[in-house]
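Let's go through this one together, feature by feature. Ask whatever comes to mind as you look.

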Amino acid sequence: MTAVNLPDPTSTDKPRTLAHRRAKGLRPGSLKPAKELCSECGLCDTHYVAYVRNACAFLNQQFETLETASHGRQRDLGDERELYFGVHREMFAARKTEPIEGAQWTGIVSTLACEMLGRGLVEGVVCVQNSKTDRFGPVPIVARTPEEVLAAKVNKPTLSPNLSVLEQIEQAGMKRVLAIGVGCQIQALRAVQHEIGLEKLYVLGLPCVDNVNRAGLQKFLETTSRSPETVVHYEFMQDFRVHFKHEDGSEELVPFFGLNTKELKDVFAPSCMSCFDYTNGLADLVVGYMGAPFQWQWIVVRNETGAEMLEVIRDCIETQPVSSSGDRKQAVQQSIPAYDMGVTLPMWAARLMGVFIERFGPKGLEYARFSIDSHFTRNYLYTKRNYPEKLEAHVPEFAKKIVSQYELPEK
Ligand code: FAD
Ligand code: SF4
């Protein structure tokens with residue numbers, strides 16, 4: 001199928017104010033301008049498709065420009081923390097003193113969104129519920145009540161067209177909105193945010209890596225879990241294991257090193273294999289887990305708006321400083337050819353390796369850097385092999401600097 005209704009796609013790369021009003025979103029199922037690299041962020045489902053050539057994270061990498069627009073400056077590449085985690089003024093570990101049952105972690109994201117609505121700071125929240133027939137089927141909405149926000153708790157671990165609701169915000173005449181999203185969604189949102197007619201946009205970012213389409217998710221569950229149909233929740237945790245939670249409340253742990261790499265190699269979406277925005281560098285506030293101790297969440301406050309958002313939930317969380325231990329470099333270097341060859345250990349060896357790594361491996365921020373290094377080197381090679389003509393412009397400077405610490409195969 002071909003793309004339709006694109007307003008003069010060959011013209012200028014710059015957004016044209018009001019051009020989107022005459023444009024129409026692309027038909028469901030049509031080929032998007034980023035083609036196989038499309039992450040289904042939802043922008044092209046709306047009349048904001050008019051800005052796609054400028055806004056799409058996979059057509060126009062513009063980190064430096066958008067960092068400056070969002071935070072007033074670019075990240076400092078000479079500062080190791082900023083190089084890895086982006087512009088920030090505060091970073092710590094946190095958890096809710098009263099966790100939300102059924103949330104992905106302790107529910108900091110849902111709590112913040114409910115509080116912002118409750119206090120009248122925003123009129124709507126862009127978030128993603130699940131479909132009635134599929135607990136992992138994403139259904140983006142603009143939530144107007146805490147109940148609607150809570151119905152969006154827990155990850156839908158698939159590509160989700162969150163920006164498909166942008167037109168609803170405009171049509172409802174909303175002026176103050178909170179958007180929750182992963183990096184590719186937030187990059188496109190930042191590029192069009194001044195066209196939505198808002199007085200204030202708050203952006204709550206989730207770190208994200210290795211996402212999949214719905215069919216890919218099914219393959220991952222079937223390849224990895226003992227009971228794919230009863231999984232309600234899963235996470236790649238800081239203890240180097242995938243934690244699956246099942247309908248009956250039981251937990252299943254699978255060591256990373258036991259994953260069927262050969263089978264799973266093609267499961268991740270091409271967009272995620274060529275993404276370098278793991279830590280959601282353009283959000284005001286980021287809530288993940290990757291830099292925190294096991295079972296804690298990880299908070300990164302990037303700018304003044306993020307600090308304002310954090311104040312809203314200060315009373316419901318306990319905190320501790322971030323820490324770091326171990327040395328990731330050798331493990332990352334070894335993982336590069338191992339991934340290429342699709343090495344899979346037998347389960348007993350994987351479990352043994354997991355115990356060893358948990359005890360002596362990288363922790364806290366060093367775990368986060370381990371994960372960033374492993375994914376950036378893999379994604380750099382993927383982009384170089386599959387999209388050599390895009391490599392130079394698509395990989396941001398900070399990612400090039402991170403990747404340059406490692407020896408990569410020539411081809
Ligand atoms: P909850 O209160 O349960 O709220 C979850 C929120 O996530 C909801 O508001 C919902 O709207 C939103 N959401 C759910 N699915 C999606 C989706 N597909 N796209 C956009 N928004 C969605 N953190 C890390 O530190 N490292 C990672 O590698 C990592 N990978 C992630 C991959 C995906 C696909 C997603 C969605 C999140 C990932 N996170 C990662 C973030 C982490 O898993 C938690 O979502 C985060 O810590 C918030 O937990 P919570 O209990 O506060 O969220
Ligand atoms: Fe459009 Fe988003 Fe796909 Fe880019 S990633 S082509 S902006 S839907």
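Q: How many residues of the lining of the largest cavity are nonpolar, how many polar and how many charged?

A: The classes go like this: Ala, Val, Leu, Ile, Met, Phe, Trp, Tyr, Cys and Pro count as nonpolar, Asp, Glu, Lys and Arg as charged, and the others, Gly among them, as polar. Here the lining splits into 12 nonpolar, two polar and three charged residues. Before we go on, this is a predicted model, where local features need pLDDT of at least 70, side-chain atom pairs count only at pLDDT 80 or more, and totals for chains, interfaces and linings use all residues. Residues are numbered from 1 along each chain as its sequence is written, chains are lettered from A and ligands numbered from 1 in the order in which they are written, and side-chain values use heavy atoms, with hydrogens and water left out.

Q: What counts as a cavity, and how many of 30 Å³ or more does the structure hold?

A: On a 1 Å grid over the protein atoms alone, a cavity is a set of points where a 1.4 Å probe fits but cannot get out; a pocket is an open set with protein on both sides within 12 Å along at least five of seven lines, and lining residues have an atom within 4 Å of a point. Points are joined across faces, edges and corners, and the volume is the space filled by probe spheres set on them. There are four cavities of 30 Å³ or more in this structure. The largest has about 140 Å³ of space, and among its 17 lining residues C38, E40, C41, C44 and C56 lie nearest its centre.

Q: Which residues lie nearest the centre of the second largest pocket?

A: Those are A103, Q104, W105, H233 and K245, out of 26 lining residues. The pocket holds about 630 Å³ of space, and its lining has 11 nonpolar, eight polar and seven charged residues.

Q: Which residues of α9 are buried?

A: In α9 (214-224), the buried ones are G216, L217, F220, L221 and T224. They sit on the same side of α9 because they cover an arc of only 135 degrees around the axis, taking directions from the helix axis to the C-beta atoms. The face turned away from that side carries the exposed A215 and E222. The cover over the buried residues includes β6, β7, β8 (251-255) and α10 (261-264).

Q: Where does S227 lie, and which residues does S227 touch?

A: S227 is in the loop between α9 and β6. Contact means heavy atoms within 4.5 Å, and S227 touches H246 and E252, not counting residues up to four places away in sequence.

Notes:
Helices (H or I, at least four residues) and strands (E, at least two) are DSSP runs, numbered from the N terminus. Buried means under 20% relative accessible area, exposed over 50%, partly exposed in between (1.4 Å probe, protein chains only).
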